[in-house]
Amino acid sequence: MKIARATPPSAGQPSDMVLDEAALKAASTNLDDGPVTPSYGPHREAIIKLLNDALATELVCVLRYKRHHFTADGLASPAIAKEFLVHANEEAAHADLLAERIVQLGGDPDFSPSTLTSRSHADYDESKDLKAMLRANLVAERVAVESYRQMIHLLADKDPTTRRMLEGILAQEEEHADELKDWLHR
Ligand SMILES: [Fe+2]
């Protein structure tokens, strides 16, 4: 089989390593869109929807961890109850990042409590037993990890800022899952 060999670009050939001048010009219009320039692409609404579903997921996670923090208090392991609160606060910080980015992209962050659980990827949980709480949280974290990984894949190079933010959140969700797995096996 013959292997086609790429021809190296010669000095006279135009390179594709140049900026899109028309897009630069267009960036000075539509000022109300803030950081979203006309070349942002056709996926803005879809990206905002992904972020809003992630926001709902984080808010449900805050509620679940808070519930577990207060109801696990007084049980055998106050250290775990304390850990639930740390997680709740970190999920709340993720929710803030997501809401802020949604607004930057010109969207409306959806905090509506009536649709939270139906939009969230992860479940709320009212387990009373400490082991069942740990298990429910581990399941939720793994679902969150999977959803962020998929989102990052979908975003690819469509929005590097949003992708980087999601990568940071993903790393923390992976830490949460790792900690819960350790607690569960103690
Ligand atoms: Fe988490």
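## The iron site

Donors are N, O and S atoms within 2.8 Å of the metal. With that in hand, let us look at the iron ion in this predicted model. Along the chain, the donors of the iron ion follow the spacing E-x49-E-x31-E-x2-H. Glu-91 lies in helix α3 and Glu-141 in helix α5, so this pair ties together parts that are 50 residues apart in sequence.

Which residues coordinate the iron ion? They are Glu-91, Glu-141, Glu-173 and His-176, at 1.9 to 2.3 Å. Are Glu-91 and Glu-141 buried or exposed? Since buried means under 20% relative accessible area, Glu-91 at 0% is buried, and Glu-141, also at 0%, counts as buried.

## Helix α6

An α-helix has 3.6 residues a turn, so residues three or four places apart point the same way.

At its start, a side-chain oxygen of Asp-159 comes within 3.2 Å of the backbone nitrogen of Thr-161.

In soluble globular proteins, nonpolar side chains tend to be buried together. Here the largest nonpolar core has 26 residues, and Leu-51, Leu-55, Leu-98, Leu-105, Tyr-148 and Leu-166 touch the most other members. Helices α2, α3, α5 and α6 each supply at least two residues of this core, and the largest share, eight residues, comes from α2. Another core, of 14 residues, lies apart from it and has Ala-88, Leu-134, Ala-177 and Leu-180 among its members.

Not counting residues up to four places away in sequence, Leu-105 touches Val-36, Tyr-40, Arg-44, Ile-47, Ile-48, Leu-51, Asp-159 and Thr-162.

## A buried asparagine

Asn-137 is found in helix α5 and is buried, with a relative accessible area of 0%. What does the side chain of Asn-137 make a polar contact with? Its partner is the side chain of Arg-64, at 2.6 Å. Leaving aside neighbours within four places in sequence, Asn-137 is in contact with Arg-64, Tyr-65, His-68, Phe-84 and Leu-180.

Technical notes:
Residues are numbered from 1 along each chain as its sequence is written. This is a predicted model: local features need pLDDT of at least 70, side-chain atom pairs count only at pLDDT 80 or more; totals for chains, interfaces and linings use all residues. Side-chain values use heavy atoms; hydrogens and water are left out. A polar contact is a pair of N or O atoms within 3.5 Å; within protein, one must be able to donate a hydrogen and the other to accept it, and residues adjacent in sequence count only if both atoms are side-chain atoms. Helices (H or I, at least four residues) and strands (E, at least two) are DSSP runs, numbered from the N terminus. A nonpolar core is a set of buried Ala, Val, Leu, Ile, Met, Phe, Trp, Tyr and Cys residues joined through side-chain atoms within 4.5 Å. Buried means under 20% relative accessible area, exposed over 50%, partly exposed in between (1.4 Å probe, protein chains only). Contact means heavy atoms within 4.5 Å. Donors are N, O and S atoms within 2.8 Å of the metal (3.2 Å for Na, K and Ca); water is not among the atoms, so sites may look incomplete.
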